[in-house]
Amino acid sequence: MPTAEEGTPTALTSGDDGVAIEPAGAPVSETHLSEVSVAEVSVAEVPVPAPPVPERRRHVLTAHDDERADDWYWLADRDDPGVLRHLRAENAYAEQV
């Protein structure tokens, strides 16, 4: 890496365009922060719908004298109408975002 003084890294250029590349770990300068466009900032203000949250149904699994609770075990039951409702709600959410 080129240095201005021994042990002091300088900016590198990326080639023909002359864009400066700062070394890894370099502090962010105020000029970088001022270059953020208004479009990037306003994206955060767009309301995002809340994802569907499945209900918890406690189910205890026992194997080798060890018990483990799985609140989402019921989601594996394809015949449960609640599973289908939840999957439809997840699909609708995915289409919105």
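I call a residue buried under 20% relative accessible area, exposed over 50%, and partly exposed in between (1.4 Å probe, protein chains only). By that rule Glu55 is partly exposed, with a relative accessible area of 44%.

My model is predicted, so local features need pLDDT of at least 70 and side-chain atom pairs pLDDT 80 or more, while totals for chains, interfaces and linings use all residues. Residues are numbered from 1 along each chain as its sequence is written, and side-chain values use heavy atoms, with hydrogens and water left out.

**Salt bridges**

I reminded myself that side chains of opposite charge can pair when their charged atoms come close. A salt bridge here is a side-chain nitrogen of Lys or Arg within 4 Å of a carboxyl oxygen of Asp or Glu. How many salt bridges did I find by this rule? The count is 3.

Glu55 meets Arg57 at 3.3 Å, N to O. Arg57 is partly exposed at 26%. Asp80 also forms a salt bridge with Arg57, at 2.5 Å between the closest N and O atoms. Glu55, Arg57 and Asp80 are therefore noted as linked in a network of salt bridges.

Next I looked up Asp71, which forms a salt bridge with Arg56, their closest N and O atoms 2.9 Å apart. Is Asp71 buried or exposed? Asp71 is buried, at 18%, whereas Arg56 is exposed, at 59%.

**Around His86**

His86 is buried, with a relative accessible area of 10%. Not counting residues up to four places away in sequence, His86 touches Pro52, Val53, Pro54 and Leu75 (contact means heavy atoms within 4.5 Å).
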